[in-house]
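Please look at the chain shown below and follow its helices and strands in turn. The report after it describes how some of these elements are placed and what surrounds them.

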Amino acid sequence: MAADGISCLLTPNKFLSAPYGEALRKYLSDKNLLCSLDDFSRGSHFADASVYPVITTLRRSEVAKDRKIVIRRHIDGEPLTFEVQAELVNSLPSHNLGPLLSDGIDRLFSIIEQCVPFSSIAEINASTTAAEADEYTQDLCEFDEVDGEYWKVVNTGTIDPFESLWGTRSMRHAKREFLRPVFPKASTIISDRRKSQYNNPKIVFAKIGNTTEAFFDELGEYAGMNINFAFVSADEGKFLTAYVNSEIGSWVYRQLFGALAMSGGYLQYQSPQIRDWPVPQFDPANRHHVDVVRGYDRLTTGEDSKASLDQLVERVLCA
């Protein structure tokens with residue numbers, strides 16, 4: 001692009017958040033090229049398009065410290081236009097541009113400034129690779145078929161917010177159906193690395209959902225097929241499980257990664273996105289944080305509601 005030159009690109013919006021677009025987003029950030037973004041993902045301007053389109057305008061020019069990016073949201077009639085500080089956008093993990101499509105961008109950045117990337121406080125990994133999931137199927141069996149110790153096995157279909165549905169909802173895997181699926185701890189197929197992960201406290205995430213579906217495996221009882229884990233300590237795990245399942249935590253995730261949503265608005269909770277998810281860092285000396293942990297305990301013992309816990313989480317970010 002020539003000095004002071006302008007380019008306009010009409011593309012699907014997925015590159016704003018997708019892992020495969022990170023190198024391009026980094027280049028745009030490093031060179032300070034992003035001038036404006038026109039969001040057509042909510043209107044009928046491109047009625048024949050099977051994707052959600054955006055127009056990205058790039059300009060090579062002198063960089064001002066207070067440079068702003070112009071956002072235009074096209075629905076009906078005149079577009080809604082606003083500006084965002086380029087410095088704030090460039091500071092997002094993985095150079096994510098997804099927040100530029102957010103209706104509540106000011107609120108979103110206010111929350112992000114109080115948070116840290118999930119990966120900075122927890123190790124986040126898939127429960128199995130695709131190859132491991134196929135291999136480990138040899139040892140997958142029903143609870144009553146095992147002599148000795150075992151891990152309960154869940155997948156995306158048997159995870160709800162705050163709870164495992166192991167034993168109450170059937171799990172389908174490799175054309176088989178299980179009500180109480182387990183892996184024997186004596187397995188010679190499962191690697192030592194995976195065994196260590198299964199034995200440790202962790203937040204267990206479903207990979208797909210309209211909202212976050214995750215529960216805290218405090219005792220290291222669970223293994224999983226094609227799901228994700230975040231390894232955390234006891235009180236920290238309760239605090240973060242409350243946050244990721246909360247209205248505000250799920251809203252933040254959707255604002256960042258909504259461009260990756262599938263048909264029906266289903267979000268993908270893959271490891272790269274979870275690692276970049278801004279989360280509040282647990283502080284045992286902060287009374288609002290401790291209140292969330294106590295609220296989690298009351299919810300999981302049936303003494304209080306999710307709405308009450310959501311209010312406690314909201315207070316953490318508004319205090």
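Eight of the 11 residues of helix H7 are buried, so this helix is largely enclosed by the rest of the structure. Buried means under 20% relative accessible area, exposed over 50%, and partly exposed in between, with a 1.4 Å probe and protein chains only. Helices (H or I, at least four residues) and strands (E, at least two) are DSSP runs, numbered from the N terminus. This is a predicted model, in which local features need pLDDT of at least 70 and side-chain atom pairs count only at pLDDT 80 or more, while totals for chains, interfaces and linings use all residues. Residues are numbered from 1 along each chain as its sequence is written, and side-chain values use heavy atoms, with hydrogens and water left out.

The buried residues of H7 are Ile248, Gly249, Ser250, Val252, Tyr253, Gln255, Leu256 and Phe257. Their cover includes helices H3, H6, H8 and H10 and strands E20 and E21; contact here means heavy atoms within 4.5 Å.

Two packed helices are described by the angle between their axes and the distance between the axes. For H6 (residues 234–245) and H7 (residues 247–257), the axes come within 4 Å and cross at roughly 65°. Axes are lines fitted to C-alpha atoms, for helices over the stretch in contact, and angles run from 0 to 180 degrees between N-to-C directions. On the H6 side the meeting residues are Tyr243, Val244 and Asn245, and on the H7 side they are Glu247, Ile248, Gly249, Ser250 and Val252.

Ser250 lies in H7 and, at 8% relative accessibility, counts as buried. Leaving aside residues up to four places away in sequence, Ser250 touches Thr211, Thr212, Val244 and Asn245. Its side chain makes a polar contact with the side chain of Thr212 at 2.9 Å. A polar contact is a pair of N or O atoms within 3.5 Å; within protein, one must be able to donate a hydrogen and the other to accept it, and residues adjacent in sequence count only if both atoms are side-chain atoms.

Helix H3 (105–112) has the buried residues Ile105, Leu108, Phe109, Ile111 and Ile112. Seen down the axis of H3, these buried residues fall within an arc of 160°, so they line one face of the helix. The arc is that of the directions from the helix axis to the C-beta atoms. H7 is among the elements that cover the buried residues of H3.

The strands come next. Four of them form an open sheet in the order E8-E14-E9-E18, with mixed pairing. E8 (141–142) and E18 (222–224) stand at the edges, each with a single partner strand, so one side of each is left without a neighbour in the sheet. Two strands pair if DSSP finds at least two bridges between them. The table lists two pairs.

| Strands | Sense | Bridges | Residues facing each other |
|---|---|---|---|
| E9 (150–154) and E14 (181–184) | antiparallel | three | Lys152 and Val182 |
| E15 (202–205) and E17 (214–217) | antiparallel | four | Val204 and Phe215 |

In E17, Ala214 and Phe216 point one way and Phe215 and Asp217 the other way, and all are buried.

Leu37 is placed in strand E2 (residues 34–39). At 1% relative accessibility, Leu37 counts as buried. Among the residues that Leu37 touches, not counting those up to four places away in sequence, are Leu16, Val54, Ile71 and Leu101.
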